[in-house]
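The following paragraphs lead through a structure, taking its charged pairs, its chain contact, its strands and its loops in turn. The sequence and the coordinates should be kept in view while reading.

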Amino acid sequence: MREDVLHRLASRLATGDVDDVIESLRRSPELQGDLGWLDEILDAADVLSLPAVPADVSAKLHALWPEPGPVRTEQAALIHDSRSAGDLVGVRGVHRTAGWTALFTAPTADIAIDGTPSSEEVTTLSGQVLTRATTDGPYSVSITGTAEVASTHCDDVGQFQLGPVPNGTYTLTASTAEHAIAATIDVGS
Amino acid sequence: MYAPRVGDGGETNGGLDPSNALLLRGCRRGEQPAWAQLVRRYERLVYAIALRECTDADLACDVTQETFAELLRSIDSIRDPERLGHWLATVCRRTAWRRRGATTCRPLELTDEHIGVTEDFTDDLTRALEIYDTVQSLGEPCRSLIIGLFFDPAQPDYASIAVQLGRPPGSIGPLRGRCLARLRALLVEVSADA
């Protein structure tokens with residue numbers, strides 16, 4: 001059975017002398033021992049012949065993806081920053097050990113950001129998108145300067161972890177397929 | 001190439017290639033590159049099944065498009081992402097039967113009972129689809145290499161495969177060895193889980 005399988009494989013691979021190919025296959029480390037698994041692959045190959053798809057058909061399959069509609073964008077306003085105002089009564093950061101907390105508000109959602117300095121020049125960001133409508137989401141969150149620095153998805157309760165970001169001024173965007181909330185954020189102590 | 005986002009669970013094959021589950025999740029989030037990669041993974045399988053089921057090449061192209069359109073409509077309800085090939089083959093055959101029925105031309109070996117059956121596969125095709133889905137989970141470049149070596153009716157030689165993969169021709173033999181070893185391990189794992 002082993003020789004039969006090697007012969008089947010050699011017939012498939014060989015462009016010239018099948019015997020030369022069989023000899024090479026006999027020495028191959030991955031083809032030692034029982035070759036039942038290879039026999040099954042060769043059987044599958046006999047059943048499934050997969051010709052190339054015509055280019056125009058392939059293009060139509062890709063084009064099935066719906067065109068994105070216009071995205072409604074809201075600008076969020078900064079209403080609290082612990083670095084300048086200290087903690088407001090009743091305002092708690094998402095994570096108690098954060099270095100600073102900022103809170104942005106927009107018509108459809110609030111965004112709470114916690115910044116934890118990792119070094120003098122880098123801050124680790126995390127936060128939560130707090131939507132007013134239960135039908136909104138799930139949100140993706142990205143932070144962008146001249147180019148996108150980091151992005152992630154929120155969990156079931158809108159929490160996210162963006163990871164370490166070099167200090168500077170960025171646009172933080174929380175978005176779904178239909179709308180986006182943008183906030184200008186100063187990352188740093 | 002679809003790149004899963006940070007914090008997305010890391011379901012990749014060797015760190016670079018997203019799993020079917022991850023691609024479906026990306027599609028649900030509205031990420032077009034995830035859809036593009038699903039199409040690239042399965043378009044040849046669906047087209048091949050459609051050609052088998054349809055005597056007319058144009059009809060096979062229509063059936064292929066309708067199958068992927070059905071996948072897009074059903075994105076939220078796919079329950080077993082790692083058997084996506086089997087799901088697509090089922091939908092493709094059902095669509096082909098329906099379309100062939102509309103043209104009043106039915107193959108003699110199928111009865112009216114078969115047209116209503118959702119998973120009327122021969123054992124050989126069922127096993128072939130399982131192996132094909134396992135090949136999909138290999139990741140690149142092994143996926144393209146195995147499909148080129150075993151499933152492409154054009155039977156490309158090593159030089160052609162090397163060009164397709166962007167590698168030196170002399171590297172294909174050793175790559176074949178590594179890819180077959182990985183596929184063997186995955187098939188053993190799949191058999192153990194079954």
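In this predicted model, Glu53(B) has a relative accessibility of 11% and counts as buried, because the limit for that class is under 20%. Its salt-bridge partner is Arg93(B), and the closest N and O atoms of the two are 2.8 Å apart. Arg93(B) is buried as well, with a relative accessible area of 11%. In general, side chains of opposite charge can pair when their charged atoms come close.

A further salt bridge in chain B links the side chains of Glu140(B) and Arg143(B), at 3.2 Å from N to O. Arg143(B) is buried at a relative accessible area of 5%, whereas Glu140(B), at 37%, counts as partly exposed. Glu140(B) also takes part in a backbone feature: the peptide bond that joins it to Pro141(B) is cis, with omega about 0°. Pro141(B) is found in the loop between α6 (123-136) and α7 (142-151) of chain B.

The loop that comes between α7 and α8 (158-165) of chain B holds Gln155(B). This residue is not a glycine, yet its phi is positive, at about 45°. With a relative accessible area of 44%, Gln155(B) is partly exposed.

Over all chains, the structure holds 20 salt bridges. How many salt bridges are counted between chain A and chain B? The count is two. In one, the side chains of Arg127(B) and Glu40(A) meet at 2.8 Å, N to O. Arg127(B) lies in helix α6 of chain B and Glu40(A) in helix α3 of chain A, so this pair joins two chains. Both residues are partly exposed, Arg127(B) with a relative accessible area of 22% and Glu40(A) with one of 31%. In another, the side chain of Arg176(B) meets that of Glu30(A) at 3.4 Å, N to O.

Polar contacts also cross the interface of chain A and chain B, where 12 residue pairs are found with both residues at pLDDT 80 or more. On the side of chain A that touches chain B, at least two residues come from each of α1 (2-13), α3 (36-47), α4 (55-62) and β7 (148-153). Helix α3(A) gives the largest share of that side, eight residues. Sorted by class, the side of chain A that touches chain B has 22 nonpolar, 10 polar and five charged residues.

The extent of the contact can be stated by residue and by area. Chain A contributes 37 residues and chain B contributes 49 residues. The area buried between the two chains is about 4000 Å², and carbon and sulfur atoms give 69% of it. Within chain A, the residues that lose the most area to chain B are Leu48(A), Leu50(A) and Trp65(A), which together make up 20% of what that side buries.

Chain A also contains a network of salt bridges, which links Arg8(A), Arg12(A), Asp39(A), Asp43(A) and Asp46(A). Helix α1 of chain A is where Ser11(A) is placed. A polar atom of the side chain of Ser11(A) lies 2.9 Å from the backbone oxygen of His7(A). Ser11(A) counts as partly exposed, at 41% relative accessibility. Its C-alpha is 8.4 Å from that of Val21(A), a residue 10 positions away in sequence.

Strand pairing in chain A can be followed through β5(A). Strand β4 (residues 109-117) and strand β5 (residues 122-131) of chain A are paired in the antiparallel sense over nine bridges. Pro117(A) has Thr123(A) in β5(A) standing opposite. With which strand does β5(A) pair over seven bridges? That strand is β8 (residues 159-166) of chain A, and the sense is antiparallel. In β8(A), Pro166(A) is the bridge partner of Val122(A).

Terms used: Residues are numbered from 1 along each chain as its sequence is written. Chains are lettered from A and ligands numbered from 1 in the order in which they are written. This is a predicted model: local features need pLDDT of at least 70, side-chain atom pairs count only at pLDDT 80 or more; totals for chains, interfaces and linings use all residues. Side-chain values use heavy atoms; hydrogens and water are left out. Helices (H or I, at least four residues) and strands (E, at least two) are DSSP runs, numbered from the N terminus. Buried means under 20% relative accessible area, exposed over 50%, partly exposed in between (1.4 Å probe, protein chains only). Two strands pair if DSSP finds at least two bridges between them. Contact means heavy atoms within 4.5 Å. Buried area is the accessible area (1.4 Å probe) that two parts lose on being put together, summed over both. A salt bridge is a side-chain nitrogen of Lys or Arg within 4 Å of a carboxyl oxygen of Asp or Glu. A polar contact is a pair of N or O atoms within 3.5 Å; within protein, one must be able to donate a hydrogen and the other to accept it, and residues adjacent in sequence count only if both atoms are side-chain atoms. Ala, Val, Leu, Ile, Met, Phe, Trp, Tyr, Cys and Pro count as nonpolar, Asp, Glu, Lys and Arg as charged, and the others, Gly among them, as polar.
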